[in-house]
Amino acid sequence: MPNSVWEPLTPPTTPASADGPNPPLDTPADALAELLTAIARRQHEHRRRTVDRLTTVLDTGLLPPELTAMALYYRAKAYKDLGHNEASRAGMQAVADAGGRLAPKARRGLANLARISGDFPTALAAVPTLGGKGRHHRVEGDIHWPHGNIAQAVTAFTTARTEAEQHNAAGERAIAQVRLALAVAFTDPDRAADELTLAHQLLDGLDQRTTTLLARTAALIKDAGTDDVTDRAQSLHTDIDNAGLPFPTRFAELALAFHHAVRGDHHNLTATLGRLNELTATGDFAYFTDITHFMAHQPLPRPSTTRWLEPEDTLRGRWETLVAERRHHLGIHQP
């Protein structure tokens, strides 16, 4: 079942959908109604509320196995958005082991969690096992761009978008397009503007908060080195906090790091790196701090915990080149 099937739904206005205590769930019908409400409303409520709703449903034990897997899967997704990756991993593994309709999505979730933890070899090894239902090309693109392999990432995301179009998967098509725009934004601001225009067209009529916030991050990367990026980043942070989605915060900070590196603003770059260190203290997205050091032409303060696919010097050279090319594009002299 594609995620986008839930996106166009207008949130119910029944008491069960209001903030506050979870409704009593005494029958399988009650549990099913609350499951569907929680999934439909997850784009409109804080992810903690989604976790609470789905935990209450699961604790009843009233759902049949297939619907239990659905509750586990969407709770695992909410846990990932909250940065609770061990809980997310446990849920995804349970769904993958059950082998039902959501197993391919759960295997994709596990591959993404491996990448988030910085284990790129494990994530890449999983790609051939995912197939189209597991969004293998999107997962591949998310592995390539942190390595500075922008061309390979763009190819992967373009293929992912094409597959989504062929299967009329509107939500996945929008997700792939935003990822494509984000990758392009590092290398080609003019093309990125066009890709973002298409991304917003594809997002129109959907309700994908995380993807929409990521599109705004891609716009910051596209404009890195120009004057209003810092103010826009602050506004984006506020909206991320209000949405209860810590996950995109790291991307916003990486966009700021690229901006400050392009401008040669060492003071603000150091401050951004400090925030990234705090945001990645658990190890999740710690590779963003590596990338920031690469962009800033700074040595790593300690051996990296990231399991990269290529030597550090290769990665450092790519990210330094991306910064230098943006400076050249904007006519900024080497600081």
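The legends below describe several close-up views of one predicted model.

Residues are numbered from 1 along each chain as its sequence is written, and side-chain values use heavy atoms, with hydrogens and water left out. Because the model is predicted, local features need pLDDT of at least 70 and side-chain atom pairs count only at pLDDT 80 or more, whereas totals for chains, interfaces and linings use all residues.

**View 1**
Helices here are DSSP runs (H or I, at least four residues; strands are E, at least two), numbered from the N terminus. Eight of the nine residues of α7 are buried, so this helix is largely enclosed by the rest of the structure; buried means under 20% relative accessible area, exposed over 50%, and partly exposed in between, for a 1.4 Å probe and protein chains only. The buried residues include His 136, Arg 138, Asp 142 and His 144, and the buried residues of α7 pack against α5 (103-116), α6 (120-130), α8 and α9 (170-185). Asn 149 lies in the loop between α7 (136-144) and α8 (150-166), and it is buried, with a relative accessible area of 13%. Setting aside residues up to four places away in sequence, Asn 149 touches His 144, Glu 310 and Arg 318, where contact means heavy atoms within 4.5 Å. The side chains of Asn 149 and Arg 318 are joined by a polar contact of 3.2 Å (a pair of N or O atoms within 3.5 Å; within protein, one must be able to donate a hydrogen and the other to accept it, and residues adjacent in sequence count only if both atoms are side-chain atoms).

**View 2. The largest nonpolar core and Phe 186.**
A nonpolar core is a set of buried Ala, Val, Leu, Ile, Met, Phe, Trp, Tyr and Cys residues joined through side-chain atoms within 4.5 Å. The largest has 69 residues, and those with the most contacts inside it are Trp 145, Phe 186, Phe 258, Phe 288 and Met 295. Its largest share, ten residues, comes from α13. Not counting residues up to four places away in sequence, Phe 186 touches Trp 145, Ile 150, Ile 221, Phe 258, Trp 319, Leu 322 and Arg 326.

**View 3. Val 262 in helix α13.**
Val 262 belongs to helix α13 (residues 247-263) and is buried, with a relative accessible area of 0%. Beyond residues up to four places away in sequence, Val 262 touches several residues, among them Ala 224, Val 323, Leu 330 and Ile 332.

**View 4. The packing of helices α14 and α15.**
Helix α14 (residues 266-279) and helix α15 (residues 287-295) pack at an angle of about 165 degrees, with their axes 9 Å apart; axes are lines fitted to C-alpha atoms, for helices over the stretch in contact, and angles run from 0 to 180 degrees between N-to-C directions. That makes α14 roughly antiparallel to α15, since angles under 35 degrees count as roughly parallel, over 145 as roughly antiparallel, 65 to 115 as roughly perpendicular and the rest as oblique. The contact is made by Leu 269, Leu 273, Leu 276 and Asn 277 of α14 and by Phe 288, Thr 289, Thr 292 and His 293 of α15.
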